[in-house]
Amino acid sequence: MKALVALILLIQLPIHKAVPATPPAPLGCDDPESEAAAEFAVNYINGHSHHGYKFALNRIDNIRVLPQELNNEIVFLELDLLETTCHILSPTPLANCTVRSFTQHAVEGDCDVKLQKLDGKLSVLASKCHSHADSSEDVLQLCPDCPLLASLNNTEVLTTVTAALNDHNSKTADAYLRLLEIGRAKIQYHPVHIVYVEFAVAATNCSAEAAKDNAEACQLLPDDQSNFGFCTATMATQPSQNLQVDCQLYGHQVPTPDVPFLSRAFYPTITSAGLVPSVVQGFTNHNLRLSHNSPFASESSSSEFPTSMLSAKSVAKRAVAEVAQHDKVPRPVGFVPPPPPPPCPGKIRHFKI
């Protein structure tokens with residue numbers, strides 16, 4: 001009899017089925033985890049770029065996380081970047097670099113980055129970037145008198161850089177400086193004709209005085225002594241000629257294990273006259289696609305960055321569906337759930353081009 005009662009009670013017990021674990025909600029572009037991954041990616045891009053300027057994060061356009069196994073996931077990022085005033089050789093931390101304003105003829109970078117997060121540690125597997133200057137029409141519409149970017153191999157630009165470097169070397173008692181690359185140039189035509197230039201330089205094994213006899217014999221310092229710098233110059237040609245030059249050397253920088261000696265990146269691009277690298281002929285800015293290309297990156301977006309990457313709309317739909325699922329739980333009469341925040345794209349940190 002006792003056995004029968006126990007059997008009846010056992011039958012009446014509720015049957016608990018195993019409930020599958022709810023997949024985590026998709027990351028939003030402004031979530032702390034997304035911002036940490038974007039910061040890591042931007043530092044990687046700047047650390048492996050060999051020309052032009054450092055870029056700062058403007059917005060996270062999209063993020064997708066693909067879980068692999070335990071404590072291992074692949075992260076895809078789409079980033080909007082903006083050029084700063086810090087040359088890539090500058091030791092200034094990115095946080096202290098100023099983003100160029102819209103009226104300074106801003107340059108935007110677009111990057112797709114594939115990362116792995118293994119046991120909480122991020123690493124970049126692949127990246128593809130390109131950059132472009134804002135349209136002249138947009139700049140002039142907001143600031144009709146603002147000078148626009150000029151081609152880096154413009155005759156006036158080359159003349160100004162040569163004059164500026166010669167002027168500095170003729171007045172300094174320190175090392176003779178050689179041109180590495182022209183970073184940026186603008187020309188103002190009215191009311192005064194002015195050429196603005198920015199260019200990277202490197203100290204040589206000659207003093208400026210010794211170089212007067214045979215400048216061609218002066219060589220860049222070896223890696224363990226390298227000393228890079230940056231110059232800005234303005235030359236007014238009309239109604240009267242006036243040249244102003246300012247050059248600053250950064251001092252020797254010790255390269256990090258994952259970033260090559262910076263001098264090696266520049267050696268192949270210096271012409272016999274120490275003028276403009278061939279990659280910028282006819283362009284107004286150094287293209288991030290040319291200055292940074294991960295050896296793991298693929299030209300095909302389908303191979304490294306799948307075309308199925310979630311759009312902002314699809315991510316939002318998933319978020320809405322999850323809220324709807326949670327809303328099946330009994331709520332008090334009149335309860336209105338808060339609308340889900342749009343996961344992507346994220347906030348604009350500076351301005352939109």
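Buried means under 20% relative accessible area and exposed over 50%, with partly exposed in between (1.4 Å probe, protein chains only). The model is predicted: local features need pLDDT of at least 70, side-chain atom pairs count only at pLDDT 80 or more, and totals for chains, interfaces and linings use all residues. Residues are numbered from 1 along each chain as its sequence is written, and side-chain values use heavy atoms, with hydrogens and water left out.

**Helix α4**

- Helices (H or I, at least four residues) and strands (E, at least two) are DSSP runs, numbered from the N terminus.
- Val157, Thr160, Val161, Ala164, Leu165, His168 and Asn169 are buried in α4.
- These buried residues line one face of the helix, because they fall within an arc of 155° seen down its axis; the arc is that of the directions from the helix axis to the C-beta atoms.
- Their packing partners are β6 (175-188), β7 (193-207), β8 (228-238) and β9 (242-251), where contact means heavy atoms within 4.5 Å.
- Thr155 and Lys171, on the other side of α4, are exposed.
- At the N-terminal end, Asn154 caps α4, with a side-chain oxygen 2.7 Å from the backbone nitrogen of Glu156.

- Two strands pair if DSSP finds at least two bridges between them.
- Strands β2 (residues 72-87) and β3 (residues 107-118) run antiparallel and are joined by 11 bridges; Ile74 stands opposite Gln116 in β3.
- Between β3 and β4 (residues 121-133) there are 12 bridges, also in the antiparallel sense, and Glu108 stands opposite His132 in β4.
- The β3–β4 hairpin has 2 residues between the strands, and Asp119 takes a positive phi near 55° there.

Note on methods. A polar contact is a pair of N or O atoms within 3.5 Å; within protein, one must be able to donate a hydrogen and the other to accept it, and residues adjacent in sequence count only if both atoms are side-chain atoms.
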